Amino acid sequence: DPRAVLMAIVVGSSCAFATPIGTPANTMILSVGHYRFVHYVKAGVPLILITVAVSMVLLPIFFPFFP
């Protein structure tokens, strides 16, 4: 099913948690909160790992590779 591949691409492209320029909200908070790049990495990498793990479990369930 090509939808599984498309959903994997969508989820992967939305994993911009580990950079301050990933989303406009991250960029706005960067200077106001006096954050550094390493703060985003510390918070973003675990979120990315959780997202990848959940995606690997749920995508084959919701979009089976063989009908």
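**View 1. Leu59, a buried residue of helix 3.** At a relative accessibility of 14%, Leu59 counts as buried (buried is under 20% relative accessible area, exposed is over 50%, and partly exposed is in between, with a 1.4 Å probe and protein chains only). Leu59 sits in helix 3; helices here are DSSP runs of H or I with at least four residues, strands are runs of E with at least two, and both are numbered from the N terminus. Leave out residues up to four places away in sequence, and Leu59 touches Ala4, Met7, Ala8 and Pro64 (a contact means heavy atoms within 4.5 Å). For a sense of scale, Leu59 and Ile48 are eleven residues apart in sequence and 16 Å apart in space, C-alpha to C-alpha. This is a predicted model, so to speak of local features takes a pLDDT of at least 70 and side-chain atom pairs count only at pLDDT 80 or more, while totals for chains, interfaces and linings use all residues. Numbering starts from 1 along each chain as its sequence is written, and side-chain values use heavy atoms, with hydrogens and water left out.

**View 2. The whole protein, zoomed out for a moment.** There are three helices and zero strands, running α-α-α from the N terminus. The radius of gyration is 15 Å, whereas a compact globule of 67 residues would have one near 11 Å (taken over C-alpha atoms, with the globule rule being 2.2 Å times the number of residues to the power 0.38). The C-alpha atoms fill a box of roughly 50 × 20 × 10 Å along the principal axes. Of the 67 residues, 15% count as buried.

View 3. Phe17, Leu47, Ile50, Val54, Val57, Leu58, Ile61 and Phe62 make a nonpolar surface patch of about 750 Å². To join a patch, a residue needs over 30% relative accessible area and no salt bridge; like charges are joined within 9 Å and nonpolar side chains (Val, Leu, Ile, Met, Phe, Trp, Tyr) within 5 Å. A salt bridge is a side-chain nitrogen of Lys or Arg within 4 Å of a carboxyl oxygen of Asp or Glu. Areas come from the Shrake-Rupley method with a 1.4 Å probe, and for residues only the protein chains shown count as cover.

**View 4. Tyr35 and Tyr40, an aromatic pair.** The count of aromatic pairs is one (ring centres of Phe, Tyr and Trp, the last by its six-membered ring, must lie within 6.5 Å; planes under 30 degrees apart are stacked, over 60 edge-to-face, and the rest tilted). The ring centres of Tyr35 and Tyr40 are 6.2 Å apart with planes at 75°, so this pair is edge-to-face. Tyr35 is partly exposed at 42%, while Tyr40 is buried at 9%.

**View 5. Asn26 and its contacts.** Asn26 lies in helix 2 (residues 24–32) and is buried, with 18% relative accessible area. Neighbours within four places in sequence aside, Asn26 contacts Ala16, Phe17, Thr19, Pro20 and Tyr40.

**View 6. His34, with a positive phi.** Phi of His34 is near 55°, positive in a residue other than glycine. Most residues other than glycine have a negative phi. His34 lies in the loop between helix 2 and helix 3 and is exposed at 68%.
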